[in-house]
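Hi,

Here is the model I said I would pass on. My notes follow below it.

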Amino acid sequence: MINIGEILLNLWNDSGFARIISGMVSDGGWQNLVMLIISCVLLYLAIVKKFEPLLLTGIAFGCLLTNLPGAGLYNQELWTNFMTEGHEAYHSYGTILKEGGLLDFFYIGVKTSIYPCLIFMGVGAMTDFGPLLSNPKSLLLGAAAQMGVFVAFLGAIALNGLNDILGVTIGFTGPEAASIGIIGGADGPTAIFLTSQLAPHLLGAIAVAAYSYMALIPMIQPPIMNMLTTPEQRKIKMVQTRAVSKTEKIVFPIVVTLFVALLLPDTAPLIGCLMLGNLFKETGCTDRLSDTVQNALMNIVTILLSTSVGATMVGSNFLTVQTLSIVVLGVVAFGISTAGGLLGGLVMCKATGGKVNPLIGSAGVSAVPMAARVANTVGQKNNPSNFLLMHAMGPNVAGVIGSAIAAGFLLSVFG
């Protein structure tokens, strides 16, 4: 005879509600509840406040899914000590495919760096390197804007000195510090690429910090610009740059790939995909491929990447003092990178006798094209007839290359 009461009791005991309630008494349940609340806050920021909605929506929903007790969509224990041969918890991709959940399958694309590289291919197909080619000095501004990466890296290492004083773990290892520092490059895919290799347990926190600060560029950068430059400098009008030939645009991605990949082989996946996408755009005979990479492929990979990153935001990993440290170090990295680009712009302004507006240096961070637009907006507030957008795009796309090179360097050191 069917016992309705027993069926209902078993149904309740197997539900996520029961697991959260029982976990509040023991452990783990409160973390799930807090993370579910955080995921809803992130969804609000993405949908209502439009903070990088194309990526933050997926990250937030991935966070929601992974913290549903009992759903088994993402299993952190399968990725702990993953591929560490000889360890008692050793697993391979075969184990993941056999025992993992849906989000574990998605995450394989992050772990193997497939998604960030495909995103870079799409970015390359949407990028015009013409402004950089017409003014090669912009490369120096893109390099100067990577200063925050290394300052934040050193800051993360320095926090180790507070561990004994405060009695909690705040400091970071070299690979973890490198992953945090790359936030200063303002390039989400690069941050995900490096972190998935060096510190995958920090992936959720670093991704949220990186994309949140990228969305806040119009709020973070202008005060730094106004602090480091004078009104007279911000009013400087720049002359029109030269026209770039089709041949130059085709040869450029080939030359950059050869030079950078030979110099830093670890950055070959990112630079190679970035330049392949750009080559599809510039050849004139691969329009179908360029269109597919820019639209269909980019959209599909964005969904898989964002949801996978959100899945790593498990309560036990995310709700730590280190996460708060990452948020603080991230904004420091971003601010110093902006300042580094501006200082480079000031040097270039003086070296050229006032022909370069230093504001374009702030666009050396890799947030394309938002950083260039902010530089243009600030310039027009000081001089309504000033149009800096195309001039700022040079450092902006140089920043994309610069952040990839910085990631390759850090990976070669700590990988």
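Leaving aside neighbours within four places in sequence, which residues is N396 in contact with (heavy atoms within 4.5 Å)? They are A363, V365, S366, A367, V368, P369, M370, A371 and A372.

Before the rest, the ground rules. This is a predicted model, where local features need pLDDT of at least 70, side-chain atom pairs count only at pLDDT 80 or more, and totals for chains, interfaces and linings use all residues. Residues are numbered from 1 along each chain as its sequence is written, and side-chain values use heavy atoms, with hydrogens and water left out.

**N396.** N396 sits in helix α24, residues 389-414 (helices are DSSP runs of H or I, at least four residues, numbered from the N terminus). N396 is buried, at 0% relative accessible area (buried is under 20%, exposed over 50%, with a 1.4 Å probe and protein chains only). Its side chain reaches the backbone oxygen of A367 at 3.4 Å.

**Core.** The largest nonpolar core has 111 residues (buried Ala, Val, Leu, Ile, Met, Phe, Trp, Tyr and Cys joined through side-chain atoms within 4.5 Å). Helix α24 gives the largest share of this core, 11 residues. F172 and I326 have the most contacts inside it. Beyond four places in sequence, I326 touches F172, I180, I183, L202, A205, I206 and A209.

**Helix α14.** This helix, residues 188-198, is mostly covered. Of its 11 residues, 10 are buried. Among them are P189, F193 and L198.

**L324.** L324 lies in helix α22, residues 321-351. L324 is exposed, with a relative accessible area of 57%.

Best wishes

Note on methods: Helices (H or I, at least four residues) and strands (E, at least two) are DSSP runs, numbered from the N terminus. A polar contact is a pair of N or O atoms within 3.5 Å; within protein, one must be able to donate a hydrogen and the other to accept it, and residues adjacent in sequence count only if both atoms are side-chain atoms. Contact means heavy atoms within 4.5 Å.
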